[in-house]
Amino acid sequence: MGLCRAAAGRGTGMRRGIQSTLVILVIISLPLFWIFRAPDALPARFAPSDCARIAVADTATGRPLVGIEDMALLPDGETLLLSSAHHLALERHPSRAPEGGIYAASLPRLAAGEAWASPIVAEGTAAGGLFPHGIAVSEDGSRLAFVNRNREGTTAVIEGLLSRTGFTARFTRSDPALCRANDLVYGDGGLRVTLDRGDCGIAWADLRPGSTTGRVVALDPAGTGPPRVEVSGLAFANGIAGLWVAETRAFRLHHRLDRPMELPGGPDNLTYDPLGGLIVAVHPSIPRLAAYRHGWRDNAPSRLVRVDLDRTIEVLFDDPSGALFSGASVGVLAEGVLIVGSVLDAGLLVCRKTPA
């Protein structure tokens, strides 16, 4: 009898332990499910049926391009510069990660589905390897600047002359003050550079909710003087165009002379279209983007919006699950064609309205 009671007691205790464990798992899982759930779809100008993913290959090596994170349209309106690097490979295997590059591609050919890109900034250009991030082209198209993150874990701003035959570097700045450089733009005779957060490493001040350690700094035309802080208190300063700066974690655009503008997602890179509208890649779910960027998930939402001169917002493309194209980080809209790049996905997404 005593043995039976003891066995029954152990069985009851085990069941209670299992029940408690299940309750704890449910309590933990519900917030995670909410955090990582796919966002609701928004009506958009381009439907998935208007869009197609195309592979883009390096004309010199035939290698397919991945992580076309930023783009810039040259003044001719037909040449698109692509910043490509496999940043996940760089993060996991720095010594073995293949170098990326900056490439030129024909916008009309991309729109027609022809996917070849010619290297403009080639391997060996940057110390520690070429892994370009944000890029900028001067108004007349004669100069190119880009942020480069290399195998040693350091970051540099590289600027130089751009021509049909390639790129000639004028200066490279890699001091610690620019360790968190993300994107850049030409302006006021020099460069304005976004620093997405404050610390070169991992710091609670940068990671805590509501962190506003991002800044915009100015570099003089020769790249020799110390970076001068122009804007501070930004919630992860990301893309920059004109007077606009993307605050990714705040889901808004900061304007140097006007009030901020709320967006349906955390803004990444910014480009202008020929009509003066701002094309913005936004991330509806920062946790899903982070999980995708670091290789913990296979996809992340993609959303592109256009901000008009009167601050109205039009959704251009929306893929809440990232089923067609994941982690969109930049878009260029010209001649009714939307070209989209990603933080990690392969190739480009090309969207154009199908004739009725």
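Helices are DSSP runs of H or I with at least four residues, and they are numbered from the N terminus.

The largest pocket has a volume of about 1,200 Å³. Its lining comprises 37 residues. Those that lie nearest the centre of the largest pocket are Arg149, Arg180, Arg197, Arg293 and His294. Two helices, H2 (87–92) and H5 (286–293), each supply at least two residues of this lining. The largest share comes from H5, which provides four residues. By residue class, the lining of the largest pocket consists of 13 nonpolar, 12 polar and 12 charged residues.

The second largest pocket has a volume of about 820 Å³. It is lined by 30 residues, and Leu73, Val137, Glu139, Val185 and Tyr272 are the closest to its centre. Strands contribute to the lining of the second largest pocket: S3 (68–73), S7 (132–137), S11 (181–187), S15 (237–241) and S19 (266–272) each supply at least two residues. Of these, S11 gives the largest share, with five residues. The lining of the second largest pocket divides into 18 nonpolar, five polar and seven charged residues.

In the predicted model, helix H5 thus holds the largest share of the lining in the largest pocket, while strand S11 holds the largest share in the second largest pocket.

Conventions:
Residues numbered from 1 in each chain as written. Predicted model: local features only at pLDDT ≥ 70, side-chain atom pairs only at ≥ 80, totals over all residues. Heavy atoms only, no water. 1 Å grid on protein atoms, 1.4 Å probe; cavity = no way out; pocket = protein on both sides within 12 Å on 5 of 7 lines; lining within 4 Å. Points joined across faces, edges and corners; volume = space filled by probe spheres on them. Nonpolar A, V, L, I, M, F, W, Y, C, P; charged D, E, K, R; others polar.
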